[in-house]
Amino acid sequence: MRGDTRSYAAARKERAADIDRWLTDLVRTAVGTPYGPNGGTTRNDERGALGGVALVAVGSLGRSELAPGSDLDLVLLHDGREDVARVADRIWYPIWDSGTGLDHSVRTVDEAAKVAREDLKAVLGLIQARHVAGDPELTRSAREIVLAEWRADSRRRLGELRDAADKRAEASGELAFLLEPDLKDSRGGIRDVQAMQAVAAAWVASAPGPRVREAYELLLDIRHGLHLVTARGADRLVLQEQDAVAGMLGLLDAEALMRRLAEAARTIGHSFDATWRTVDRLLTGPTPRGRRPLADGVVEHGGEVVLARGVNPRKDPVLVLRAAAAAAEAGLPLAPATVTALASQSPPLPVPWPDEARDALVALLGAGRAAVPVWEELDQAGILVRLLPDWERVRHRPQRNPVHRYTVDRHLIEAAAGAASFTREVSRPDLLLISALLHDIGKGYPGDHSTTGAVVARDIGARMGLPPADVDILETVVRHHLLLPETATRRDLDDPVTISRVAEAVGSREVLELLAALAVADGHATGPAAWNTWKASLVADLVRRVRSALSGTPLRPAPSLSVEQASLARHGGGAVRVNGGAVTVVAPDRAGLLWRAAGVLAAHRMVVRAASAASAGTTAVIEFSVVPEYGSPPDPATLEADLRLVLAGRLDIEQRLARRTRSMRPARVPVAPPRVNLVDDASNTATVIEVRAHDRPGLLWRIGRAFGECGLDVRAARVETLGAEAVDVFYVVDRAGRPLTDEVQRAQVRDQVLAALR
């Protein structure tokens, strides 16, 4: 079946049919009524021969969607016959003996109806139940009673169904944006389609349409392939199985699989939201029938945004953006019929765009969070790729990195929505919003996404009708959108070379303020691991310094110790302060201070998420941001005591770390090999070494010890952990306090650090 997913659907139906035949035989044997050439009974006589019992399939077997590893969900209905327990045992035990998973119950019709009134899972199974064997009248009666009560009590039961869906989404996340999604329970997953089918069974909304059914079949196929790959009934698509599952479905690789999965999940999620809007309207009663104007040709009607009477989308190419902007600014959804009309009838925008179209786009993005669902509506209708053809390159593109919480396209609109909060802090809010929308557009093309993205953004800006000077700014912002956060976290801000390089790249205060606002919006839209108070403070400090450089004012001198740090330094041999996740070490500056302190933290199972080290005269200051590897953090007093011992040279931390390393489990999936780069021209007074590696306990200690063995001192450091990846930058000098110039020595240092990381 490899590569032919159509056979998966057929296989599911065929397996369900085989199981039906097996179960029918079991039921007949259980009640003592064989059939066949010599049995004297035919299948047409079942009701008489098997009166009083009916075997009903619910769940995936009831829907004929049984995957290879799925359990059987069965209900044995009966009319009160006294031997039903014996009959049930003669059905269940052969199933158990076969090794097949089984979820079972035995009920009368009244009992089944009573359970359905109280148990959401039970009622969802019974309204889609399928008769397998026995008396079909029992099955029909049970289904009719359950369905009638489901419809009669729809106001309460649909609220219960929505609460269950919300709880699933909260627990399992959003399928389209997860690295390792749960195909069943995540938002946009299999259970959401089944919930929509249940809503349709209540006669409150229409059943899922063809696009949703196609997306649903894809999820079933992926789950089918996952069961074949893992040889068990798994629902979570973990990283190490994704390439194999992709191969089972005839796809190129895991990225192709996850892109199709994201598209299917977003189609389901979009329809799911629309279904509940319909439910809300029908269950809360009629809405006012008036029409409130929102924009030219656009009005609010019944809680949705619709086109005004007499408006012809074929004659107004800007109408689609104007309607979208009006919907976002009003915080209302576009009516489905309106979206359909705009998608099918709107003519292409002229190139370059008229000013009104660009203004409408900026207004849409400037609505902030309210722009996201409207943007999704345009995307689902295929409107976005007609407005911005390059959008197709990033549409549903996964980012298989734990730092990123969204696909590329969703990240872009999230960043633009976040950038709306800063429009009053920059001189060109329109360019901020457009650059936020396009800053990662290069991820749809080969090569460095900042470089390729700048080229694409220039082309898009010109098509949008931006003046040439604005196109230049847009290109610069997209090209350098990572400049501030990467410099702030990976370079010594006290080194004049750092500031002069950034100022040269930025070129103007206008671009600097755009990059500063975009850095915050981009970081928040990426995920919690990509932005925190530590990074925010470093970026703000860098912006202040570069602003001064662009203004021609002298760079401020290296900062002296804070009052608290100076107080700690007066302790002499080494002072430590632990305040939650912040650990400050102030001690006389000497070689190896950073990595020894990092070793103590690792031994106490503290993960270093960020660190900065700097010297002020003869005193070194190290600021760590740490989190416990698991459980509660260690006792601060014990941690402080061990730090002081290691600073005084009275504690050898190596054995502790060696024991921890031996007890660690290997990584679940292969990781990329570490990389060590010596960055030229980043400093005139030190050699800058950038280390990228998979994070693990004691990593910083290993790197620092390697520097020590090479006779190097760490003058400054920037340490950052992004998900499971460490990006650490060190400013090192030799014993004479000079940067490394000898190529042989530089190569030895690189090899020594790499050896320490293996």
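**Entry 1: two helices.** At what angle do helix H8 and helix H12 pack? I found about 150°, with the axes of H8 (residues 154-172) and H12 (residues 254-284) 11 Å apart. Before going on, I noted that this is a predicted model, where local features need pLDDT of at least 70 and side-chain atom pairs count only at pLDDT 80 or more, while totals for chains, interfaces and linings use all residues. Residues are numbered from 1 along each chain as its sequence is written, and side-chain values use heavy atoms, with hydrogens and water left out.

I also wrote down my terms. Helices (H or I, at least four residues) and strands (E, at least two) are DSSP runs, numbered from the N terminus. Axes are lines fitted to C-alpha atoms, for helices over the stretch in contact, and angles run from 0 to 180 degrees between N-to-C directions. Angles under 35 degrees count as roughly parallel, over 145 as roughly antiparallel, 65 to 115 as roughly perpendicular and the rest as oblique.

H8 and H12 are therefore roughly antiparallel to each other. Their crossing is left-handed (the near helix is turned anticlockwise from the far one by less than a right angle; clockwise would be right-handed). On the H8 side I listed Ser 154, Arg 155, Leu 158, Leu 161, Arg 162 and Ala 165, and on the H12 side Phe 272, Trp 276, Val 279, Leu 283 and Thr 284; contact here means heavy atoms within 4.5 Å. I sorted these residues into seven nonpolar, two polar and two charged. For that sorting, Ala, Val, Leu, Ile, Met, Phe, Trp, Tyr, Cys and Pro count as nonpolar, Asp, Glu, Lys and Arg as charged, and the others, Gly among them, as polar.

**Entry 2: another helix pair.** I turned to helix H20 (residues 429-438) and helix H22 (residues 468-479), whose axes come within 10 Å and cross at roughly 45°. That makes H20 oblique to H22. This crossing is right-handed. Leu 431, Ile 434, Ser 435 and Leu 438 of H20 meet Asp 470, Ile 473, Leu 474, Val 477 and Val 478 of H22. By class I got seven nonpolar, one polar and one charged residues.

Entry 3: I followed three strands that form an open, antiparallel sheet in the order S5-S6-S7. Two strands pair if DSSP finds at least two bridges between them. S5 (291-295) and S7 (304-307) stand at the edges with a single partner strand each, so one side of each has no neighbour in the sheet. The twist averages 40° from one strand to the next. I saw four bridges joining S5 to S6 (residues 298-301), with Ala 295 opposite Val 298. Helix H13 (residues 319-330) packs on the sheet and touches S5, S6 and S7, its direction making about 115° with that of S5.

**Entry 4: a residue in H13.** Is Val 320 buried or exposed? Val 320, found in H13, counts as buried because its relative accessibility is 3% (buried means under 20% relative accessible area, exposed over 50%, partly exposed in between, with a 1.4 Å probe and protein chains only). Leaving aside neighbours within four places in sequence, Val 320 is in contact with Leu 342, Ser 346, Leu 378, Ile 383 and Leu 387. Val 320 and Leu 378 are 58 residues apart in sequence, yet 8.9 Å apart in space, C-alpha to C-alpha.

Entry 5: I found strand S8 (residues 575-579) and strand S9 (residues 582-588) paired antiparallel over five bridges.

**Entry 6: two last spots.** Thr 498 in helix H24 (residues 496-506) is buried, with a relative accessible area of 5%. Helix H31 (residues 699-709) is mostly covered, with eight of its 11 residues buried, among them Trp 701 and Phe 707. Gly 711 follows H31, with a positive phi near 75°.

**Entry 7: the whole chain.** I counted 32 helices and 15 strands in the protein chain. Buried residues make up 52% of its 758 residues.
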